[in-house]
Amino acid sequence: TRDALASMNDSITKVVIQFQNRDAMGSEHREAILNAAIEIFARFGFKKASIDDIARRAGIGKGTVYLHFESKEELFGEAVRRIWVKAVADLEAVVKQARTPQAKVRAFLEGRQLQQIQIAAHLRISEEAVVELVALAEPHLRMSREREAALLEEIIKEGNTKGVFAVRSPRLVAAGMTACLHGLDAHCIEPGAADLQVALAEVDE
């Protein structure tokens, strides 16, 4: 009957709304967990940070954290990827604003180093946590590293095409340059990194 169909539709609608609300709540919890994890890892390092600390900072129960992440290791990896995916996207945007290949290389190099310093300052990474976090983060940065190298390779290729560069192997050169930058990462996020930035600027001048 019409009433039965209407009642069925109402029931289906309620179920759909319940699932939508559950998804929205799950997304909010995941966001809160990741934000809290980034803050706690930066403050205490990986080993000293606990799921209890993260759950308390996120304002949720410990069990809710495990609904989204199976372990502290998985949560750490996702937190690292989240930071650097955005960082590379921001770097690509900065490079895109430069008009010439030379300016793009400069924007890439300066932008990336400044980015490291700003991230460390924003996250307030403790001196004790720097070395540990940099080492543990490395396995989770493969895709971001590849995007950085690909971006620099594309700039070099553009320079070759326009006759301002004469690089025989853009891929190898890009890989070498980004590897050198990665080696400076720990220095760029430790206390006193701003002094390093000033020193680099003076050398450039």
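The residues lining the largest cavity split into 16 nonpolar, one polar and three charged, where Ala, Val, Leu, Ile, Met, Phe, Trp, Tyr, Cys and Pro count as nonpolar, Asp, Glu, Lys and Arg as charged, and the others, Gly among them, as polar. This is a predicted model, in which local features need pLDDT of at least 70 and side-chain atom pairs count only at pLDDT 80 or more, while totals for chains, interfaces and linings use all residues. Residues are numbered from 1 along each chain as its sequence is written, and side-chain values use heavy atoms, with hydrogens and water left out.

Back to the cavity. On a 1 Å grid over the protein atoms alone, a cavity is a set of points where a 1.4 Å probe fits but cannot get out; a pocket is an open set with protein on both sides within 12 Å along at least five of seven lines, and lining residues have an atom within 4 Å of a point. Grid points are joined across faces, edges and corners, and a volume is the space filled by probe spheres set on the points. The count comes to one cavity of 30 Å³ or more, and the largest cavity holds about 340 Å³ of space. Its lining takes in 20 residues, with Ile 83, Trp 84, Ile 125, Leu 133 and Ala 137 nearest the centre. Two or more lining residues come from each of helix 1 (2–48), helix 4 (72–97), helix 5 (101–123), helix 6 (130–137) and helix 8 (170–189). Helix 4 gives the largest share, five residues.

Then there is the largest pocket, with a volume of about 460 Å³. Of its 16 lining residues, Ile 38, Ile 83, Ile 119, His 122 and Leu 123 sit closest to the centre. Helix 1, helix 4 and helix 5 are the elements that give two or more residues to this lining, which divides into six nonpolar, four polar and six charged residues.

As for the overall fold, the protein chain has nine helices and zero strands, both taken as DSSP runs numbered from the N terminus (helices H or I, at least four residues; strands E, at least two). Of its 205 residues, 35% count as buried, meaning under 20% relative accessible area, with exposed over 50% and partly exposed in between (1.4 Å probe, protein chains only).

Finally, the aromatic rings. Searching the whole structure turns up three aromatic pairs; rings of Phe, Tyr and Trp (its six-membered ring) pair if their centres lie within 6.5 Å, with planes under 30 degrees apart stacked, over 60 edge-to-face and the rest tilted. The ring centres of Phe 41 and Phe 46 are 5.8 Å apart with planes at 20°, so this pair is stacked. Phe 46 and Phe 76 pair edge-to-face, at 5.3 Å centre to centre and 70° between the planes. Phe 46 lies in helix 1 and Phe 76 in helix 4, so the pair ties together parts 30 residues apart in sequence. Phe 46 and Phe 76 are both buried, and together with Phe 41 they form one aromatic cluster.
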